[in-house]
Amino acid sequence: MQYQNKQIGEVARALKERFETLIEKADILKAVELKSLYAEIPNLPVEARARFGQEMNALRAELQELVDAATEQAEVLPAIDVTAPFDINVPAADRPHLLPSETGSEHPLMREREIILDIFYRMGFVASESREIDDDYHMFSSLNFPEDHPARDDYDTFMTTQTDANGKRLIAPAHTSTMQNRLLKKYAGNLERGDPIAVVVPDRVFRNEDLDARHEHTFYQLEGVYVGKGVHAGMLIATLKTFLQEYYGKELEVKTQPFYFPFTEPSFEFALSCPFCEKKGCNICSYTGWIELLGCGMIHPNVLREAGIDSETYTGFAWGCGVDRLVMMKYGIEDVRHFQSGKLDFLRQFA
């Protein structure tokens, strides 16, 4: 290569950049041949030779520093095979007490999720997944939320900076009810055939919560929707009671009390007799004998009409409950944060 037609500074920069790249590829010795560059000096104009020599000497010093630094790092860091199991690269005496790399287990929430779904499959429900980002319409408007409802504020719900087609911010769903409008439309044909709409939605939801033993910003919820002719609140209570008795494996008493949700009317808070103390009172039920478990109610006529379902002909019920809470009650888990903590001593109990 002839260098007399190039700017000296440009040559030095190009060589240094190439050298640094090749060092990263562990090809230091082949990076550049400085001797051949010095041999170019006689080919340069007389007035450029001194400056070129100075530039070459400075470049040589910089490259030597790079070589020294790379060599020192290679001597300090042990060779690690990043594709190998963890315990191969660490001496036995230094290994922390981890689960064996060749084995694994289901997370307790995922295992219990399958148990819950199996119960509802046997009750005639199908399952559908939710979404982890959704729009304002499906999250709020289709569910009869008024424009000024506090749930639309970002101090309660996680809003993203991205917007939908209507200019409203996209949302990390705070409930699996975000799927209700879609599912009512998807399975509307069931009603025409004389069959009910019966769907459960188990998935992850997100809320702007102050974290403590009973509250997490990320947890799993189970939505249930049932629509048909002649559906009434007694069927809602019987469905939930049947599920809970099957899940906890014992007879339970249940009760409801009036509440408010925009998407159901009437709405209820649903409580069951404490499965741990059988209503005698314990720390899990705060010594009341009852545990408030979930919200539910008859689907609001506005929600049915928004999905194109004749609310004069068909009625339905819906509910939403936290899967994490169901599992906590089943196993006497004292802190919901354990599920997301990655604590192996907690997870080993379910392995």
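The model is predicted, so local features are taken only at pLDDT of at least 70 and side-chain atom pairs only at pLDDT 80 or more, while totals for chains, interfaces and linings use all residues. Numbering starts from 1 along each chain as its sequence is written, and side-chain values use heavy atoms, with hydrogens and water left out.

Start with α8 itself, residues 233-248. Helices here are DSSP runs of H or I with at least four residues, strands are runs of E with at least two, and both are numbered from the N terminus. With 16 residues at 1.5 Å a residue, α8 should span 22 Å, and its end C-alpha atoms sit 23 Å apart, which agrees; the expected span is 1.5 Å times one less than the number of residues.

The buried residues of α8 (under 20% relative accessible area, with a 1.4 Å probe and protein chains only) are Leu236, Thr239, Leu240, Phe243, Leu244, Gln245, Tyr247 and Tyr248. Their cover includes the helices α4 (108-122) and α10 (323-331), along with strands β7 (264-273), β8 (290-299) and β9 (315-322).

Take α10 next. Its axis lies 11 Å from that of α8, at an angle of about 45°; axes are lines fitted to C-alpha atoms over the stretch in contact, and angles run from 0 to 180 degrees between N-to-C directions. The pair is therefore oblique, the class left over once angles under 35 degrees (roughly parallel), over 145 (roughly antiparallel) and 65 to 115 (roughly perpendicular) are set aside. On the α8 side, the contact (heavy atoms within 4.5 Å) uses Phe243, Leu244, Tyr247 and Tyr248, and α10 brings Arg325, Leu326, Val327, Met329 and Lys330. By class, that contact has 7 nonpolar, no polar and 2 charged residues. Nonpolar covers Ala, Val, Leu, Ile, Met, Phe, Trp, Tyr, Cys and Pro, charged covers Asp, Glu, Lys and Arg, and the others, Gly among them, are polar.

As for α4, its axis comes within 10 Å of the α8 axis, crossing at roughly 135°. That makes α4 oblique to α8. Here Glu112, Ile115, Ile116, Ile119, Phe120 and Arg122 of α4 meet Phe243, Glu246 and Tyr247 of α8. The class count is 6 nonpolar, no polar and 3 charged residues.

Finally, Ser177 sits in the loop between β3 (169-171) and α6 (180-186). At 3% relative accessibility, Ser177 counts as buried. Leaving out residues up to four places away in sequence, Ser177 touches His138, Leu143, Glu223 and Phe263.

Technical notes
Buried means under 20% relative accessible area, exposed over 50%, partly exposed in between (1.4 Å probe, protein chains only).
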